[in-house]
Amino acid sequence: MPTPATNNARTVLPPPTRRGLSRVEAAGYIGVGASKFDAMVADNLMPKPKKMGTRRVWDVRALDQYFDLLPGGDDSDHNPWDD
């Protein structure tokens, strides 16, 4: 059975089964590409990673908290061309 690609923001990903995610997995989890995710981290729109030795890992719970704080939730800025 093929597994979904994690480097394509449009690919539907299953919910994570572990708490720590790599950069690419974290980006896919919130629905953006890795470079957009990097920009969001730099702009403090997404959390900084936890460091585990030389690895950087994003906490799913922190991603959820930051995602909840992003603007949106209404259709005031809806663009029908985005559908």
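Predicted model: local features only at pLDDT ≥ 70, side-chain atom pairs only at ≥ 80, totals over all residues.
Which residue in strand 3 stands opposite Leu21?

A: In strand 3, the residue opposite Leu21 is Trp58. Residues are numbered from 1 along each chain as its sequence is written, and side-chain values use heavy atoms, with hydrogens and water left out.

The protein chain has 3 helices and 3 strands, where helices (H or I, at least four residues) and strands (E, at least two) are DSSP runs numbered from the N terminus. Along the sequence these elements follow the pattern β-α-α-β-β-α.

The strands form an open sheet in the order 1-3-2, with antiparallel pairing; two strands are said to pair if DSSP finds at least two bridges between them. Strand 1 (20–21) and strand 2 (50–52) are the edge strands, each pairing on one side only. Strand 1 is joined in the antiparallel sense to strand 3 (residues 55–59) over 2 bridges, while strand 2 and strand 3, also antiparallel, are joined by 3 bridges. In general, strands of a sheet pair through backbone hydrogen bonds, either parallel or antiparallel.

Because its relative accessibility is 44%, Arg56 counts as partly exposed; the classes are buried for under 20% relative accessible area, exposed for over 50%, and partly exposed in between, with a 1.4 Å probe and protein chains only. Leaving aside residues up to four places away in sequence, Arg56 touches Leu21, Ser22, Arg23, Pro49 and Lys50, contact being defined as heavy atoms within 4.5 Å. Arg56 and Arg23 are 33 residues apart along the chain, yet their C-alpha atoms are separated by 7.5 Å.

Arg23 leads on to helix 1 (residues 23–30). In this helix Ala26, Ala27, Gly28 and Ile30 are buried, and the buried residues of helix 1 pack against strand 1, helix 2, strand 3 and helix 3. Just after the helix, Gly31 takes a positive phi of about 95 degrees.

The neighbours of helix 1 can be taken in turn. Helix 1 and helix 3 (residues 60–69) have axes that come within 11 Å and cross at roughly 40 degrees; axes are lines fitted to C-alpha atoms, for helices over the stretch in contact, and angles run from 0 to 180 degrees between N-to-C directions. That makes helix 1 oblique to helix 3, since angles under 35 degrees count as roughly parallel, over 145 as roughly antiparallel, 65 to 115 as roughly perpendicular and the rest as oblique. In this contact Ala26, Tyr29 and Ile30 of helix 1 meet Val60, Leu63, Asp64 and Phe67 of helix 3. By class, the contact of helix 1 with helix 3 has 6 nonpolar, no polar and 1 charged residues, where Ala, Val, Leu, Ile, Met, Phe, Trp, Tyr, Cys and Pro count as nonpolar, Asp, Glu, Lys and Arg as charged, and the others, Gly among them, as polar.

Helix 1 packs against helix 2 (residues 34–42) at an angle of about 90 degrees, with the axes 9 Å apart, and the two helices are therefore roughly perpendicular to each other. Helix 1 contributes Arg23, Ala26, Ala27 and Ile30 to this contact, and helix 2 contributes Ala34, Ser35, Phe37, Asp38 and Met40. The residues of the contact of helix 1 with helix 2 divide into 6 nonpolar, 1 polar and 2 charged.

Most residues other than glycine have a negative phi. At 51% relative accessibility, Asn44 counts as exposed.

For the chain as a whole, 22% of the 83 residues count as buried.
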